[in-house]
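Hi,

Here's the structure I promised to pass on. Have a look, and my notes follow below.

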Amino acid sequence: MMTTLDVVPKEKAEPSAEETAAKGAGPGGPGAGPVPDRADGLLKQFTKSVLEMALNEEMTEHLGHEKHRAPDDRDSTNIRNGTRPKTVLTEATGQVEIDVPRDRDGTFEPQIVKKRQRRLTGVDEIVLSLYAKGLTTGEISAHFAEIYGASVSKETVSRITDKVVEEMTDWANRPLNGVYAAVFIDAIVVKVRDGQVANRPIYAAIGVSLAGEKDVLGLWAGTGGEGAKFWLSVLTDLKNRGVADVFFLVCDGLKGLPDVVGNVWPLTIVQTCIVHLLRNTFRLASRRDWDRLKRGVKLIYTAPNEAAARAGLDELTDAWGARYPAIIRLWENAWSEFIPFLDYGACRRMRVA
């Protein structure tokens, strides 16, 4: 049973804020992309778990009995015969190692990952949505029914759904650390199926421990109109699972969230996500101006203190205010939640950017 996100490799160099922002400077909202960057390790674990659970239930249907429960009076002598390793490639997380069950007669034809199939399309969004709190069992079952169509029985789809729900519940209710240096709230829009397909946001809370290790604390399915009541329930869920205090809560553009943080953790500092702030800055500018614009905004977010950052913003206003007034408004509106991290050194700033 998986419980935590893989530790982010310490030796991997962090990209600059401009590089990270530029990667997501295309159309879309904050955090738009295949999956929030910090959730990649967890999504890979989830993908492996979901695929293997589904494959094992397919094998149960193929043989007519569960593992180690073959009836004595069965007609066939075919039984399970271990597993074979296979590497599949998904759109968001890249290579995922899975164990595919085998049968003694070699007649098993897997459906969710067919023989000789390596590339899986759309599995990332499906797996991420399956583990989000707020989805009904019917919605989870509809996901698998969409994947399988008529290739497996309704009973098999039901068994797969039950196993995913059980594992999802264990993961979503596991105890957490008492204190986190930072908690990031990020979002991805995924397609959820239940009779019809609808786009819904899935919110991920990613915690950074005092040792610098990252873990996805939870996933929640939204509707797109989340407000203070929704965010209070999310933060209360985290507190009830053991999170007594958070130094920084980092978010961007999530209406109602900054207003309720103090109700759960009174001393927590709400910090706007610097990467999202830069990303949105570039979205408001022509690509031909990006290089010069980068030099201007870098004076702001690398400033040693608030006064120097304000001077940098004044320079940005003088240079670009006439051409891009929306950029200046963006920084002015975010200012009160941008400046807290300026009180810290470069190393700590990287953890909350």
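First, a term: axes are lines fitted to C-alpha atoms, for helices over the stretch in contact, and angles run from 0 to 180 degrees between N-to-C directions. Helices (H or I, at least four residues) and strands (E, at least two) are DSSP runs, numbered from the N terminus.

Keep in mind that this is a predicted model: local features need pLDDT of at least 70, side-chain atom pairs count only at pLDDT 80 or more, and totals for chains, interfaces and linings use all residues. Residues are numbered from 1 along each chain as its sequence is written, and side-chain values use heavy atoms, with hydrogens and water left out.

Now the helix pair. The axes of α3 (residues 123-130) and α4 (residues 137-148) come within 10 Å and cross at roughly 160 degrees, so the two are roughly antiparallel (angles over 145 degrees). Contact (heavy atoms within 4.5 Å) is made by Ile126, Ser129 and Leu130 of α3 with Ile140, His143, Phe144 and Ile147 of α4.

Of its 49 residues, Phe144 and Leu219 touch the most other members. Helix α2 (residues 40-63) gives the largest share, eight residues.

Leaving aside neighbours within four places in sequence, Leu219 has contacts including Phe46, Trp171 and Ile202.

Cheers

Notes:
Parallel < 35°, antiparallel > 145°, perpendicular 65-115°, else oblique. Core = buried A, V, L, I, M, F, W, Y, C linked by side-chain atoms within 4.5 Å. Buried < 20%, exposed > 50% of the residue type's maximum accessible area, 1.4 Å probe, protein only.
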